[in-house]
Amino acid sequence: MVDSIGDLKAPGPDGMPAVFYKQFWDVIGEKVTKEVLDVLNGGLIPEGWNETTIVLIPKVKNPDKLKDLRPISLCNVIYKIVSKALANRLKQILPEVISPAQSAFVPGRLISDNILIAYELTHYMKQKKKGKEGYAAVKLDMSKAYDRVEWHFLAQMMEKLEFHQRWINVVMKCVSSVSYKIRVNGELTEAFKPERGLRQGDPLSPYLFLLCAKGFSALLQRAEEIRMMRGVKVCPRAPSVSHLLFADDSMILFCANRGDAQQLQSILRLYEECSGQLKNKDNTSATIRKQEVMKELRITKETMNERYLGLLVHVGRSRSSVFAYLKDRIWKRIQGWKEKLLSRAGKEVLIKAVAQAIPTFCHGVL
């Protein structure tokens with residue numbers, strides 16, 4: 001476990017990076033192993049192990065609202081050993097538990113899977129000319145998704161998925177025993193204990209969030225099974241696709257009528273009430289022209305050229321205008337203040353690395 005942690009990654013409140021444990025493992029290894037196994041076998045987490053420092057990373061250039069900041073948790077390495085042991089065990093069964101519509105963090109699934117499916121479905125929706133009803137696609141984003149997860153919902157999801165009670169107790173102990181201090185302007189605030197949320201920075205958190213998102217996926221699948229919603233089928237023998245998930249980024253596909261829209265709104269409301277999640281209205285948009293459906297879903301943003309997971313889901317005839325954003329993205333990456341301090345050779349390496357990496361992802365998928 002220790003070898004998989006970066007040597008000099010930002011340390012937690014105890015100030016000891018992973019390289020300390022690696023360097024002196026012959027001295028402390030036996031004691032650390034014993035105490036970690038005690039926790040994994042149901043014992044109490046020792047005092048101080050789960051103390052966490054939160055740093056706020058700006059998402060935008062000039063943040064002026066709390067939602068413009070991403071909280072990153074710096075956990076102690078000794079706790080990360082426990083968390084990674086649980087995460088590595090959980091990863092082995094995720095493909096059997098998590099819906100195929102979810103492609104984030106599940107071994108054997110790639111982000112490109114969802115992008116390609118979204119591209120093909122959007123192309124079909126644009127080209128469809130027969131039939132009275134059309135289709136709609138809603139790009140859904142949850143606000144502060146990790147921070148809003150209700151602990152009782154997480155525990156109930158694990159019970160529903162038939163995890164052993166001992167496993168649930170150990171996981172919930174890791175989640176609920178945390179205490180936070182926030183670093184602001186170089187100073188730490190007073191410690192406080194949360195009542196909900198998962199930590200961004202905890203190795204276990206991404207997999208626990210997938211278990212919560214499984215609830216949303218199950219609601220959509222159930223609605224489709226009882227014919228309260230209909231997904232998109234590109235041909236009669238093709239499977240129906242009603243949703244694509246990548247962690248908290250979702251694309252929902254349904255028939256563009258009031259009945260399906262009402263059912264989707266009902267599912268969203270139920271999921272938000274149970275899980276604590278909240279739809280981010282600023283980043284939620286739809287590809288649909290029926291105002292009655294938009295009104296039912298309370299969506300005001302309509303776009304026909306929306307991106308999904310960083311790539312456009314529809315490419316028209318004008319390739320130069322569609323992919324113009326790649327030039328802008330490369331230009332922004334090489335215009336930061338840090339880059340001005342590089343030597344000429346350093347700038348050349350940076351330009352080559354950026355100019356090759358950004359378009360490669362786009363071209364590799366499309």
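In strand β2, R70 is the residue that forms the bridge with I57, and strand β1, residues 51–58, pairs with β2 in the antiparallel sense over seven bridges; two strands pair if DSSP finds at least two bridges between them, and strands (E, at least two residues) and helices (H or I, at least four) are DSSP runs numbered from the N terminus. This is a predicted model, in which local features need pLDDT of at least 70 and side-chain atom pairs count only at pLDDT 80 or more, while totals for chains, interfaces and linings use all residues. Residues are numbered from 1 along each chain as its sequence is written, and side-chain values use heavy atoms, with hydrogens and water left out.

Strand β2, residues 69–75, is mostly covered, with five of its seven residues buried, where buried means under 20% relative accessible area, exposed over 50%, and partly exposed in between, using a 1.4 Å probe and protein chains only.

Finally, the backbone: K144, in the loop between β3 (135–141) and α6 (151–160), has a positive phi of about 45 degrees although it is not a glycine, and K144 is partly exposed, at 22% relative accessible area.
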